[in-house]
Amino acid sequence: MKKFLLILILITTSALLLTACGAKSTEPTAPASESTYNQILIVEGRLQPVNSLEHSFSVSGQVAQVLVENNEEVKEGQPLATLQDTSAAELAFENAKAEALSAQQTYDQLKNSADLTLAQAELEVANTKQEYDKKVWYQVKKNQPRETNEDVINAARAAVTLAEDKVSDAEDRYNDFVETDDSDPLKAAALSTLSNARLNLKQAQLNLNNYINPPNAQDLAISDAEVAVAKANYEEALRQLEKLQNNPVSDELAMAEARLNSANAALVNAQSQLDALTLTAAIDGTVVDLTLQPGQKISAGETVIVLADFSDWVVKTDNLSETEVTSIETGQKASVVLDALPDKTLEGEVTYINSLFEEKRGDITYTVTILLKQTDPLMRWGMTGSVEFLP
């Protein structure tokens with residue numbers, strides 16, 4: 001590359017000398033060639049695949065299998081190699097998964113039980129409220145009839161009237177057998193009918209009197225006690241419901257939840273330990289310079305496999321000074337000639353200008369990336385060449 005630059009400088013110098021020493025012209029010489037040279041910028045660059053990535057295990061160990069070969073194309077997520085002790089890690093993972101499942105089932109059962117308990121408490125509140133309202137509604141008052149519903153009282157009066165009519169009919173029927181011997185079955189049947197009719201009439205009269213008469217002291221005490229008990233039951237049901245609502249997580253459920261969280265964390269850890277024993281491709285690419293082999297001991301973070309994406313090529317140059325980089329912009333055209341392929345000029349385009357500088361021998365330089373629009377089967381990673389940025 002240095003030879004190339006030296007030759008270019010010599011050619012430029014010779015051209016200027018020949019121009020100066022030539023025959024004098026009547027027309028002044030235009031400084032076009034000097035302007036042209038000032039616009040052309042040529043630097044050294046290095047050929048690289050468009051993307052590449054070094055792969056390493058996150059844990060140390062001994063290689064069990066190498067699942068790929070050099071120059072093999074792989075897809076992202078494809079296994080590349082494994083370490084030993086995979087069986088032990090798989091067993092630990094299965095045990096962790098079983099514990100997580102058991103913890104989940106226990107938690108779900110307790111949670112469902114808690115939900116059922118809350119629902120039952122809500123139902124108990126509704127039932128006790130209904131019973132309390134009922135007792136208040138039917139509560140007897142001093143100096144008031146026991147029954148205030150006119151339909152009930154009218155029905156009771158009607159029952160007395162009907163019972164009196166049946167007694168009258170039964171008496172008339174029985175009177176037909178006054179002269180008959182008491183052993184006569186018909187007379188006995190008439191007497192039975194009459195007795196039942198009188199009993200029904202008495203009960204109907206008692207019911208009517210119970211409804212229309214004010215309660216006595218015992219009635220009042222019983223009614224008041226029933227209301228008080230119904231109220232106490234309702235208030236207790238409310239307290240139990242509020243307790244469950246304010247403390248929905250019991251100690252047992254809290255312990256089950258803690259166990260579940262611990263089991264899930266252990267499962268994640270077991271999964272990561274198992275995954276760490278298998279190295280997978282992080283990008284689509286081609287396996288490059290593979291030297292890994294079964295039985296080899298490796299350290300965590302040690303590069304063991306390199307993948308390169310050769311679908312496109314780029315040339316990176318880090319030789320642009322702080323004064324030169326200002327004349328370059330993204331999208332600018334460039335031509336590249338590789339030292340190994342001097343007869344082929346490759347077209348390219350600036351795709352990235354690094355904002356971070358480097359200091360080389362006291363000079364500030366920046367790296368520029370040129371994406372090549374042409375490829376050649378003979379191109380190899382690391383080849384050097386010259387980059388000419390076109391104005």
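Two strands are said to pair if DSSP finds at least two bridges between them. Helices (H or I, at least four residues) and strands (E, at least two) are DSSP runs, numbered from the N terminus. The model discussed here is predicted: local features need pLDDT of at least 70 and side-chain atom pairs count only at pLDDT 80 or more, whereas totals for chains, interfaces and linings use all residues. Residues are numbered from 1 along each chain as its sequence is written, and side-chain values use heavy atoms, with hydrogens and water left out.

Strand β6 (residues 285-288) has two antiparallel partners to consider. Strand β3 (residues 73-74) is joined to β6 by 2 bridges, and glutamate 73 faces threonine 286 across that pairing. Strand β8 (residues 303-321) runs antiparallel to β6 as well, through 3 bridges; there, threonine 286 has alanine 308 as its bridge partner.

A residue is buried under 20% relative accessible area, exposed over 50% and partly exposed in between, using a 1.4 Å probe and protein chains only. A nonpolar core is a set of buried Ala, Val, Leu, Ile, Met, Phe, Trp, Tyr and Cys residues joined through side-chain atoms within 4.5 Å. The largest such core contains 23 residues, and Leu80, Leu292, Ile305 and Leu307 have the most contacts inside it. At least two residues of this core come from each of β4, α3, α7 and β8. A second, separate core has 22 residues, including Trp313, Leu320, Val368 and Ile370.

Contact means heavy atoms within 4.5 Å. When neighbours within four places in sequence are left aside, leucine 307 is in contact with several residues, among them Leu53, Val74, Leu80, Ile283 and Thr286.

Helix α7 (residues 251-275) has 25 residues and spans 36 Å from its first C-alpha to its last, close to the 36 Å expected at 1.5 Å a residue; the expected span is 1.5 Å times one less than the number of residues. Its buried residues are Leu253, Ala256, Leu260, Ala263, Ala270 and Leu274, and their cover includes α3 and β5 (278-280).

Aromatic rings give a further view of the fold. Rings of Phe, Tyr and Trp (its six-membered ring) pair if their centres lie within 6.5 Å; planes under 30 degrees apart count as stacked, over 60 as edge-to-face and the rest as tilted. The structure holds 3 aromatic pairs. Tyrosine 132 and tyrosine 234 are stacked, because their ring centres are 6.2 Å apart and their planes lie at 10 degrees. This pair links distant parts of the chain, with tyrosine 132 in helix α3 (residues 86-137) and tyrosine 234 in helix α6 (residues 217-246), 102 residues apart. Tyrosine 234 has a relative accessible area of 17% and is therefore buried. The charged end of lysine 129 sits over the ring of tyrosine 234, 5.9 Å from its centre; the criterion is NZ of Lys or CZ of Arg within 6 Å of the ring centre and within 35 degrees of the ring normal. Elsewhere, Phe310, Trp313 and Trp381 form one aromatic cluster.

Finally, glutamine 332 lies in the loop between β8 and β9 (333-338). Its relative accessible area is 12%, so glutamine 332 is buried. Beyond neighbours within four places in sequence, glutamine 332 is in contact with Ser327, Gly348, Glu349, Val350, Phe389 and Leu390.
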